[in-house]
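Biologist: I would like to learn how to read features off a model. Could we take them one at a time?

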Amino acid sequence: MLSFKAKNVNPKVDPLYLGIELEYETDNRDRAKKEVINLLDGHAILKSDGSIRNGFEIVTCPATSDIHLDVFKNFYDHKPKDLKVAENVGMHIHISRKPLNTFTIGKMTEFLNRKANEDFITHVAGRKPNGYCRLEQRTMTYPLYDKGERYNVLNLNPQDTIEIRMFSTPKNYEEFASRVQFAQALTDYCGPAQLSCSLKEL
């Protein structure tokens, strides 16, 4: 329904696309929907979700992180007052599989599920792991043998993406930007080493 968006990308390399899902509750669904569509027309659609009682989910097109950051700066500057952040809502970030290899996905899986990282992950996520985003012991080789169930901090079930499920819904642009930047940074950090670079550069 919506086109892919990218800018300033290397034509020889598959861009890393992110798709963002933001869940909100609201006391006035119709008014909130109209305001959100006015702000995000052409960049997102609205969907229902089983975990949301009286709200909706904002689902973006696949885009590079810089585009999402630009679009949502305006969104949060004019954020509809009817949108409410509740305990039952969250933010999910889908990351395109195409630029990733199994080793990178394995490192991301192990990093996000590592028990020693739980306090850090909780801080970045803005909430503790819960029934919709569980922390489980998973090794780097886990994606070779199993996709697991979807309610992990990193859902491996989608065919074309992997999904970080750990974030609370952002209350402001700073929280939104930090979570998008974390998803980008985690992917970069877990990427394969480049033999043309020195260890210090890496």
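Biologist: Which backbone oxygen lies 3.1 Å from a polar atom of the side chain of Lys 107?

Modeller: That of Cys 190. Bear in mind that this is a predicted model. Lys 107 sits in helix H3, residues 102–113.

Biologist: Is Lys 107 buried or exposed?

Modeller: Start from the cut-off: buried means under 20% relative accessible area. Lys 107 has 18% relative accessibility, so it counts as buried.

Biologist: Which residues does Lys 107 touch, not counting residues up to four places away in sequence?

Modeller: Met 140, Cys 190 and Gly 191. Sequence distance is another thing to read. Lys 107 and Thr 187 are 80 residues apart in sequence, yet 9.2 Å apart in space, C-alpha to C-alpha.

Biologist: Next, a strand. Where does Thr 26 lie?

Modeller: In strand E1, which covers residues 18–26. Thr 26 counts as buried because its relative accessibility is 3%, and the cut-off is under 20%.

Biologist: What does the side chain of Thr 26 reach at 3.1 Å?

Modeller: The backbone nitrogen of Asn 28. For contacts, set aside the neighbours within four places in sequence. Thr 26 is then in contact with Ala 32, Asn 54, Gly 55, Phe 56, Asp 82 and Lys 84.

Biologist: And Gly 19: which strand is it found in?

Modeller: Strand E1. Gly 19 is buried, because its relative accessible area is 15%. Leaving out residues up to four places away in sequence, Gly 19 touches Thr 60, Cys 61, His 68, His 92, Ile 93 and His 94. Its C-alpha is separated by 11 Å from that of Lys 5, 14 residues apart along the chain.

Biologist: Now a helix pair. At roughly what angle do the axes of H1 and H2 cross?

Modeller: Read the angle together with the distance. Helix H1 (residues 29–40) and helix H2 (residues 65–77) have axes that cross at roughly 140° and come within 9 Å. The crossing of H1 past H2 is right-handed.

Biologist: Which residues make the contact?

Modeller: On H1, they are Val 36, Leu 39 and Leu 40. On H2, they are Val 71, Phe 72, Asn 74 and Phe 75. By class, that contact has six nonpolar residues, one polar and no charged.

Biologist: How many residues does the largest nonpolar core have?

Modeller: It has 44. Look for the residues with the most contacts inside it: Ile 95, Leu 112, Met 166 and Phe 176. Helix H6 (residues 173–189) gives the most to this core, with seven residues.

Biologist: What is Leu 112 in contact with, leaving aside its neighbours within four places in sequence?

Modeller: Ile 121, Leu 135, Val 153, Leu 154, Ile 164, Met 166, Phe 182 and Leu 186. Met 166 is also among the residues with the most contacts inside the core.

Biologist: Last, a loop. Where is the place of Tyr 132?

Modeller: In the loop between helix H4 (118–125) and helix H5 (142–145). Gly 131 has its place in the loop between H4 and H5 too. Tyr 132 counts as partly exposed because its relative accessibility is 43%. Gly 131, at 40%, also counts as partly exposed.

Biologist: Which residues does Tyr 132 touch, not counting those up to four places away in sequence?

Modeller: Ser 51, Tyr 151, Asn 152 and Arg 165. The C-alpha atoms of Tyr 132 and Gly 90 are separated by 9.3 Å, and the two are 42 residues apart along the chain. For Gly 131 and Val 153, 22 residues apart along the chain, the C-alpha separation is 9.9 Å.

Definitions and conventions:
Residues numbered from 1 in each chain as written. Predicted model: local features only at pLDDT ≥ 70, side-chain atom pairs only at ≥ 80, totals over all residues. Heavy atoms only, no water. Axes fitted to C-alpha atoms, helices over the stretch in contact; angles between N-to-C directions. Helix = DSSP H or I, 4+ residues; strand = E, 2+ residues; numbered from the N terminus. Left-handed = near helix turned anticlockwise from the far one by under 90°. Contact = heavy atoms within 4.5 Å. Nonpolar A, V, L, I, M, F, W, Y, C, P; charged D, E, K, R; others polar. Buried < 20%, exposed > 50% of the residue type's maximum accessible area, 1.4 Å probe, protein only. Polar contact = N/O pair within 3.5 Å; in protein donor to acceptor, adjacent residues only side chain to side chain. Core = buried A, V, L, I, M, F, W, Y, C linked by side-chain atoms within 4.5 Å.
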